[in-house]
Amino acid sequence: MKKNQTIIEEDLFYQLYKTPPEKPKSNTPEEIKEYIKKLTEFLKFHQYLYYIKNQPIISDKTFDDKLKELEELEKQYPEFALPDSPTHLVGSDLEQEFPKFQHKIPVLSLTNTYTIKEVLDWAKKTGAESFIVEWKVDGATLVLYYEDGILKHGVTRGTGNIGDDVTPNAKTIRSIPLNLKEKINLIVRGEAYMTYTDFERFNEEFGSIYANPRNLTSGSLKHKKSKEVAKRPLRWVAFDGYLENKEFKYDSEVLKYLEYLGLPVFEDNVVCNINQLETTIEKFKDKEKNLDIPVDGLVIKVNDRKLREKLGYTANSPRWAVAFKFEPDLARTRIIDIETFVGRTGRITPRAKLEPVKLAGTTVSYATLHNEDYIKKLGIRIGAEVLISKRGDIIPAVEEVIDPGDGPEYKFPDKCPSCNTKLVKDKDSVDWFCPNPECDERLIQSLIFFCGRKQMDIDGLGEKTIRTLFNKGFIRYIEDIYELPKYKNELVKLENFGEKSVQIILNGIEKSKQKEFRIVLPSLGLKEIGFNVTDLLIQNGYNSIDKIIELVNQKDAKQKLLSIKGIGEEIADAIITQFKDPKILERINKLKQYGLQFEQKEIKIDSNVKPIFKDQVWCVTGTLTHFKPREKALEEVIKRGGKTSSTVTSKTTHLLVGENPGSKLEKAKKLNIKIVTEEEFIKLLNES
Ligand SMILES: [Zn+2]
């Protein structure tokens with residue numbers, strides 16, 4: 001297929017089809033014909049935005065509704081139906097830039113169901129005894145082809161028959177093994193995705209025009225530079241495996257086998273019978289609220305592989321599986337104002353002030369607008385009526401403009417809202433920046449970031465307090481925080497402060513000196529140096545600031561950095577320039593003198609305890625009561641001479657089991673690995 005079956009005149013179509021075409025006033029054949037043409041163009045344009053651009057500007061529901069309408073019309077007036085109508089062409093995400101790959105087994109879409117009754121009706125019809133229920137991850141399908149246990153191809157869904165071969169990109173995803181445990185031929189279908197936390201962090205660090213993790217995921221898979229893709233926190237999970245010369249009775253066994261091969265499989269998958277389906281679905285729904293993984297429903301499959309073959313397929317989908325879609329939470333409201341903010345990197349982000357509206361249990365007053373481009377493309381202006389959505393914990397986003405209203409087009413500011421400096425824009429960037437490093441708001445934001453919960457987590461130094469201390473001249477740069485104890489007497493006298501709250505702040509500051517290097521470094525807010533990059537540096541032996549500075553001053557620094565999987569050109573350059581910058585080095589030096597950790601402590605064998613775990617390899621599953629996070633338990637193993645592993649493998653000798661253990665437990669039992677309860681573990685520790 002060509003780049004797109006229609007020629008999309010992007011700019012024109014943005015003007016014409018931001019909102020659905022108006023229905024004809026009378027129903028003369030000419031008008032119906034014209035309306036069908038417009039509706040076809042409208043749907044194809046949005047299919048293009050969804051699949052190719054990864055930047056949909058209408059909600060899935062509006063798309064589905066309009067598609068249904070077109071279907072009805074085409075039934076009534078078959079003579080007006082267009083040959084390239086989206087009602088009989090599957091949406092495709094193929095792009096010219098990638099080699100094409102013919103799927104060995106077509107990737108079909110699933111029939112959607114929206115009610116439990118529909119699911120039960122389907123389940124009854126299959127006659128199956130057991131079903132497997134899984135999350136329907138809201139990401140991008142990625143099929144992996146292994147030959148002799150080696151990853152040969154990573155292919156997108158494409159048309160379902162032909163996909164884009166994005167192997168170099170797939171290889172950058174850390175949860176995808178390049179080699180399997182056994183030398184077999186395997187086709188494994190799965191979903192690339194991104195957690196909400198990673199998505200937020202990515203947006204914080206790099207800025208993004210993507211409205212949600214799904215769009216960023218599919219945009220990343222289709223990125224032309226795999227070095228760029230490596231920067232993005234993509235994950236992948238397996239759903240379906242097709243093996244040559246290997247027979248399995250149940251699908252649940254296949255999934256276990258995939259896991260054994262080293263492929264990631266969700267621990268949440270449930271096998272149940274028809275009578276348990278309803279409660280199982282309810283349990284999943286409950287769990288979804290706290291899930292960090294974006295899902296838009298469940299997939300329910302017949303577990304018996306033989307029965308699957310018997311049930312077979314309809315033209316577009318298997319009869320042995322359905323999707324159960326969760327209704328997305330949408331709310332309709334009006335934009336009262338558009339405000340802009342400057343962040344610590346200088347990036348300007350706009351947000352919409354909304355007429356407060358209830359959405360997913362909370363009242364929403366603001367929605368993110370990402371950047372100027374996004375505002376333009378969606379046609380957002382003050383007074384517009386919009387549909388907003390909220391998935392997971394992320395800030396609500398505008399899904400769609402229902403009615404743009406008659407206000408003037410929004411003009412993006414050209415000066416910084418804080419310091420009035422003229423804004424600048426990088427060449428390929430969609431973002432505007434305040435270039436002034438002394439911009440008050442940028443400095444305040446750096447301080448807020450540094451003290452934040454995910455960073456140094458300094459008690460008492462929330463946004464309000466930071467602003468007060470900044471305005472009163474007590475703090476301006478990060479290092480000033482550690483001078484605060486000197487001003488205790490002045491601080492106590494400030495309005496709303498008092499002895500008690502000042503003590504909380506000072507204790508918080510003191511406590512932050514214990515924060516590990518892996519937290520300290522990303523908290524400094526340096527360009528490109530977030531948690532991921534910091535971990536990569538540490539894992540590759542650059543586990544102290546001194547070692548990093550020594551590295552960047554070597555002639556082959558860049559080469560050495562680029563040899564680390566996950567570090568690309570831009571990151572390498574950013575590391576080298578910043579750790580040579582005298583200003584940054586001075587800041588680091590000061591912080592060092594105040595006692596912050598600039599070396600990652602290694603857990604070493606503790607000579608005060610007996611090496612009782614020597615020659616043993618420990619793994620942990622479930623929640624522990626005395627060790628939080630549970631990795632703390634594994635530290636005890638290392639201190640006593642043992643080794644640890646994150647998954648159960650044939651090398652694992654012991655599995656420490658907490659509450660609600662995952663599939664590791666079953667696997668360990670199969671491999672005859674010693675199972676140890678938390679109680680028994682503590683007893684062992686005490687004896688040593
Ligand atoms: Zn500024």
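What follows is a set of questions and answers about this predicted model.

Q: What makes R344 count as partly exposed?
A: You count C-beta neighbours inside 10 Å, and R344 has 18. Buried needs 20 or more, and exposed means 12 or fewer. The value of 18 falls in between, so R344 is called partly exposed.

Q: Where is R344 found, and what does R344 touch?
A: R344 is in the loop between β12 (330-342) and β13 (348-359). Leaving out residues up to four places away in sequence, R344 touches R442, Q445, S446, F449 and G525. A contact here needs C-beta atoms within 7 Å. As for L277, that residue is 67 residues from R344 in sequence and 49 Å away in space, C-alpha to C-alpha.

Q: How is the protein chain divided into domains?
A: The assignment gives domain 1 (10-80), domain 2 (100-325), domain 3 (330-433), domain 4 (440-512), domain 5 (517-593) and domain 6 (617-687). The centres of domain 5 and domain 6 lie 34 Å apart, taken over C-alpha atoms. In secondary structure, the protein chain has 25 helices and 22 strands.

Q: Why are β20 and β22 said to stand at the edges of their sheet?
A: The sheet is open, with 4 strands in the order β20-β19-β21-β22 and parallel pairing. β20 (643-644) and β22 (674-677) each have a single partner strand, so one side of each is left without a neighbour in the sheet.

Q: How do you know that β19 and β21 pair?
A: Pairing takes at least two bridges. Strand β19 (residues 617-621) and strand β21 (residues 654-657) have 4 bridges, in the parallel sense, so they pass that cut-off. For T621, the bridge partner in β21 is V657. Helix α23 (residues 631-639) packs on this sheet and touches β19, β20 and β21, with its direction at about 170° to that of β19. Helix α25 (residues 678-687) packs on the sheet too, touching β21 and β22, and its direction makes about 85° with that of β22.

Q: What makes strand β16 mostly covered?
A: Strand β16 (residues 397-403) has 7 residues, and 5 of them are buried. Strand β15 (residues 385-389) pairs with β16 in the antiparallel sense over 5 bridges.

Q: Why is a group of residues called a nonpolar core, and what is in the largest one?
A: The name goes to buried residues of the nonpolar kinds, joined through C-beta atoms within 7 Å. The largest has 52 residues, and L142, L144, A192, L258 and I300 have the most contacts inside it. Strand β4 (residues 140-147) gives the most to this core, with 6 residues. Apart from this core lies another of 38 residues, including I448, Y542, I567 and F579. In soluble globular proteins, nonpolar side chains tend to be buried together.

How values were computed. Residues numbered from 1 in each chain as written. Predicted model: local features only at pLDDT ≥ 70, side-chain atom pairs only at ≥ 80, totals over all residues. Helix = DSSP H or I, 4+ residues; strand = E, 2+ residues; numbered from the N terminus. Domains from an automatic or database assignment. Contact = placed C-beta atoms within 7 Å. Axes fitted to C-alpha atoms, helices over the stretch in contact; angles between N-to-C directions.
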